[in-house]
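Open the model in your viewer and keep the selection panel at hand. The stops below are given in the order in which to select them.

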Amino acid sequence: MFLIELTYKAPFSEIEPFLPEHMAFVEKGFASGLFLASGRKVPRDGGLIFCKADSKGQVEEFMQEDPFVYQDLVELRIVEFVASRAEAGMEALLG
């Protein structure tokens with residue numbers, strides 16, 4: 001399991017034009033089965049994605065397709081963790 005943190009390196013006014021392309025990328029992540037949950041941080045200085053992948057390398061490679069990443073608009077942080085407990089209905093988080 002991985003927690004992906006995106007933190008904006010630019011003002012939101014510079015991020016916003018890339019938002020539709022980023023959301024298409026996020027949709028691709030869900031369609032591929034990699035992404036389990038995603039959303040913006042509060043305050044809105046980036047976002048978080050819960051991801052289930054075989055390896056950190058797989059996540060790093062996939063994230064290079066995100067326009068926020070390849071346009072160098074965000075700081076990308078990928079944290080690997082082992083989910084040992086989950087609320088009912090969230091069992092997909094368990095390895």
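In which helix is the place of Pro-67? Select residues 67–70: this is helix H4, and Pro-67 is in it. The model is a predicted one. Colour by accessibility next. Pro-67 has 1% relative accessibility, so it counts as buried, the cut-off being under 20%.

Now select residues 46–51, which form strand S3, and pick out Phe-50 within the strand. Is Phe-50 buried, partly exposed or exposed? Its relative accessibility is 33%, so Phe-50 counts as partly exposed.

The last stop is the largest pocket. Rolling a probe the size of a water molecule over the atoms shows where empty space is left. For the largest pocket, that space comes to about 240 Å³. Which residues lie nearest its centre? Select His-22, Met-23, Gly-39, Arg-40 and Gly-47, which have that place among the 15 lining residues.

To see where the lining comes from, show strand S1 (2–8), helix H2 (19–31), strand S2 (35–40) and S3. Each of these elements supplies at least two residues of the lining. Colour the lining by class to finish: 8 residues are nonpolar, 5 are polar and 2 are charged.

Technical notes:
Residues numbered from 1 in each chain as written. Predicted model: local features only at pLDDT ≥ 70, side-chain atom pairs only at ≥ 80, totals over all residues. Heavy atoms only, no water. Helix = DSSP H or I, 4+ residues; strand = E, 2+ residues; numbered from the N terminus. Buried < 20%, exposed > 50% of the residue type's maximum accessible area, 1.4 Å probe, protein only. 1 Å grid on protein atoms, 1.4 Å probe; cavity = no way out; pocket = protein on both sides within 12 Å on 5 of 7 lines; lining within 4 Å. Points joined across faces, edges and corners; volume = space filled by probe spheres on them. Nonpolar A, V, L, I, M, F, W, Y, C, P; charged D, E, K, R; others polar.
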